[in-house]
Each structure stands twice: as C-alpha cells, then as structure tokens.
Amino acid sequence: ENEVIPIKLLDTDTISQAKEKILDALYKNTPVSRRPQLAEVDLELRRGNAGIKLYDHDPNSEKDGDWVRINTLGHYKLDQMSQEHAKNPKNPQPRFKLSARAEVALDSTSFDTIGAILARNYQDSIVLSVEGGTRFYHLTRPEVVNEAAGGEGGTQRQGKKIMSEVFLTRLLATKRILQSYVDDLFQALFTVPGNIALPKAIKYLFDFLDLQAADMGISDPEVLHTWKTNSLLLRFWVSLIKNPEFAFDIHKSATVDSCLSVISQAYIDACSTSEAKYTKDTPSSKLLYVNEVRQYKNDIRRFYNTVQSSPRPDNQEMDEYFRAAIQPAQALFSTDAALYELFKYTVQYSDDTVAALREHDLSDQALLFQTIAETLK
C-alpha cells in the first residue's frame with residue numbers, strides 16, 4: 001500500500017534527529033528492540049535522479065577554529081529547494097530516502113516527501129564532544145573561557161550564550177504541556193479507585209509494617225510513613241518513573257530522560273515528611289512542582305489511610321493470591337537458585353541469624369536454630 005505518513009521535521013533537526021523521527025513514524029507500534037538503530041540507517045536527499053547522503057558532520061560542515069557545527073536539515077537548504085519547486089514545478093521537488101544496511105530488515109516504505117530504502121555498510125561516528133582537538137556543537141556554540149591551559153597564556157574565547165530566561169520560558173511551557181499527564185500518573189499511584197480492589201500484597205506489606213511498629217513500641221507516625229514509603233513508593237515506583245524502559249520496550253532519549261528526572265524528583269519530594277527548603281541556588285527544575293508537591297503529599301497520606309482502613313485478607317486469600325501471581329513466571333525463575341542466594345546471605349550473617357533464631361520461641365521449641373547452626377558450619 002502506498003500509505004502517506006506525515007512527519008514533521010525542523011530546519012534545526014540534526015541528521016540523526018531527522019532519522020529518529022522517521023524511524024519513530026515507521027515503527028511507532030514496534031518494540032524498540034526490533035527497530036533498526038540510527039547507526040544502521042542512512043538518510044539521502046534526492047532531487048530528481050540525483051542524491052547525496054546526509055551526515056551529522058562532513059567536510060562541508062560549518063567550522064570556526066576547532067569548533068564544528070553539527071549539520072542540520074537547514075544546512076542542506078531544503079527550504080530553498082522547496083520554494084524553488086513551488087515557484088517553478090519544473091524544478092525537482094526535494095525528497096528524502098531512508099537507507100539501511102542490507103542485513104537490516106527494514107520495510108520498503110515510500111512517502112510523499114520523505115521515504116524509500118537503500119543500503120549501506122558502515123556506521124556514522126556521531127561525536128558531540130571533543131575528538132582529536134575538534135569540538136562539535138548543535139545550534140549555539142557553548143561559552144568557552146580559558147581554552148588554553150595556564151593563567152595568562154590562556155586565550156579567552158566567548159561563544160554565543162543563550163539567556164537563562166529563554167530556558168525558563170521553555171521549561172514552564174513544557175510543564176504546562178505535560179502537567180495533565182503527570183497529575184494522572186500521580187492520581188493513579190496515590191488513589192484506590194472504588195471499582196478496583198486494593199492489591200493484597202500492598203495491604204499485607206503495610207499491615208506487616210504496622211505490626212512491626214507496634215511490637216517495637218514505635219509511635220512516631222513519620223517513622224511508619226518512611227517505612228512504607230521506602231518499601232513501595234521509593235523502591236518501586238521511582239525506578240519505573242525514571243526508567244520506563246525497565247518495564248517497556250522503548251527508547252528513552254536524553255531529552256525524555258531529563259524530563260523524567262524532574263518528575264521523579266517531584267515524586268521523591270512528595271514522599272518526604274519534611275518540608276523542603278528552597279534558596280536562590282535551588283535549581284529551577286526542582287522549583288517547578290513546589291505547589292503540586294504539597295497536594296501530592298496529602299494524596300499520599302490519604303492513600304496510606306485508605307490502605308490501613310481496608311479489610312485485611314486472611315491467610316488463605318493471601319496464599320491463593322501469591323500462587324496466582326507467581327504462576328505466569330514459574331518457568332522464568334529457579335527455586336534452587338533463589339535458595340542458594342538466600343543461603344549465601346545467611347552464611348554472611350550466620351552469627352546474627354543463629355542468635356535471632358535462638359531467641360525466637362518457635363525456633364527454640366523446634367530446635368531450628370541448631371539445624372541452621374550445623375548447616376552453616
């Protein structure tokens with residue numbers, strides 16, 4: 001089928017960014033592990049029957065001393081070519097062809113203005129730092145001071161510097177775009193919908209922590225709050241928020257990673273029982289969710305209270321629950337391997353383990369501690 005897939009590219013996109021956008025459009029429903037990598041594909045600009053391959057840097061890249069600007073689509077004057085075609089249709093319309101190495105399985109897909117597949121046999125070396133004395137940058141050269149080593153002998157070179165206010169505006173705009181999604185995420189994590197049963201494992205864990213606090217005579221609510229937070233929210237959810245690729249077969253770009261870092265930091269701040277102190281040196285990314293964090297804190301407390309007041313499952317229910325939970329993964333894990341890891345831990349702390357078992361009434365009656373002690377010898 002000659003399906004036309006619209007893809008929005010910018011003049012400021014590097015060649016790698018353009019390839020990534022095209023691959024995302026072509027393989028939007030395909031796990032990232034089954035997609036071709038950027039280094040496995042090439043992008044070609046064609047006008048009529050003629051064409052050139054596009055690279056992030058080549059001999060025609062803009063140079064300024066030891067600085068080299070990474071090629072963008074604007075570098076190849078695509079806008080000018082399109083205007084020439086619009087004025088005179090006899091001028092060939094610029095088109096893209098996406099190429100792949102012969103051993104890479106890539107569907108042959110054509111587009112109206114972006115498309116087609118060729119072949120290649122080498123990898124780009126895309127360098128965004130110093131290589132052999134050459135420095136690469138994207139749009140604006142970073143500010144450089146004292147490039148040469150030494151005090152007075154060092155040369156001062158001033159690059160263009162973007163005002164911090166520009167970044168702050170972009171930061172706030174990005175937050176507004178993502179805010180509804182962040183709220184939905186936190187709402188899903190911190191609430192128990194009426195039509196969905198609370199996971200029994202969470203209830204079991206939190207009840208266990210409540211009992212431990214009672215046995216130890218701990219009455220400080222902040223201690224129990226910290227236990228529950230560390231055992232579930234910070235141990236489990238923060239990892240998934242910061243690293244969604246742990247659970248999903250997706251690619252996490254550097255830009256997405258920085259955004260998720262801000263969101264995960266807001267989550268961590270919301271889990272804290274103490275109020276954060278902000279100063280003039282506090283990063284703007286940490287200040288983004290100051291107001292929202294207060295609401296999230298209330299949501300977490302409400303969530304803990306809901307779990308505490310929910311009915312406690314009996315032992316038979318818990319047994320059935322855990323059996324059903326582990327059933328799909330039985331072939332993925334080895335009981336012997338798990339026992340061996342537990343045994344290594346017990347050997348490492350053998351004295352403490354035996355002493356704890358000796359003090360326990362049930363262990364003492366069953367002489368379990370003697371068996372453990374003999375095994376660890």
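How many salt bridges does a search of the whole structure find? Hi everyone, the search comes back with 16 salt bridges. The criterion is a side-chain nitrogen of Lys or Arg within 4 Å of a carboxyl oxygen of Asp or Glu.

A quick word on the model before the details. This is a predicted model, where local features need pLDDT of at least 70 and side-chain atom pairs count only at pLDDT 80 or more, while totals for chains, interfaces and linings use all residues. Residues are numbered from 1 along each chain as its sequence is written, and side-chain values use heavy atoms, with hydrogens and water left out.

Let's start with Lys 53 and Asp 42. They form a salt bridge whose closest N and O atoms are 3.9 Å apart. Lys 53 belongs to strand 2 (residues 50-54) and Asp 42 to strand 1 (residues 41-47), so this pair ties together parts that are 11 residues apart in sequence. Asp 42 is buried at 0% relative accessibility, whereas Lys 53 is partly exposed at 32%. For those words, buried means under 20% relative accessible area, exposed means over 50%, and partly exposed is in between, using a 1.4 Å probe and protein chains only.

Next up is Lys 175, which has two things to show us. Its side chain meets that of Glu 292 in a salt bridge, at 2.9 Å from N to O. Lys 175 is in helix 3 and Glu 292 in helix 8 (residues 290-309), so the pair ties together parts that are 117 residues apart in sequence. Both Lys 175 and Glu 292 are buried. The charged end of Lys 175 also sits over the ring of Tyr 289, 5.0 Å from its centre. The test for that is NZ of Lys or CZ of Arg within 6 Å of the ring centre and within 35 degrees of the ring normal. Lys 228 does this with Tyr 304, its charged end lying over the ring at 5.8 Å from the centre.

Now look at helix 9. Arg 323 and Asp 319 form a salt bridge, with the closest N and O atoms 3.0 Å apart. These two are four residues apart in helix 9 (residues 315-326), which puts about one helical turn between them. Arg 323 is exposed, at 54% relative accessible area, and Asp 319 is partly exposed, at 37%. Elsewhere, salt bridges that share partners link Lys 242, Glu 245, Lys 252 and Asp 257 into one network.

On to the aromatics. How many aromatic pairs does the structure hold? It holds 11. Rings of Phe, Tyr and Trp (its six-membered ring) pair if their centres lie within 6.5 Å, with planes under 30 degrees apart counted as stacked, over 60 as edge-to-face and the rest as tilted.

Take Phe 186 and Tyr 267. Their ring centres are 5.6 Å apart and their planes are at 70°, so the pair is edge-to-face. Phe 186 is in helix 3 (residues 164-190) and Tyr 267 in helix 6 (residues 254-271), so parts that are 81 residues apart in sequence are tied together by this pair. Phe 186 is buried at 1% relative accessible area, and Tyr 267 is buried at 0%. For contrast, Tyr 321 and Phe 322 have ring centres 5.5 Å apart and planes at 70°, so this pair is edge-to-face too, but Tyr 321 is partly exposed at 28% and Phe 322 is partly exposed at 36%.

As for individual cysteines, Cys 259 is partly exposed at 25% relative accessible area, while Cys 271 is buried at 5%.

Finally, Ile 70 is in the loop between strand 4 (67-69) and helix 2 (78-87). Ile 70 is buried, with a relative accessible area of 5%.
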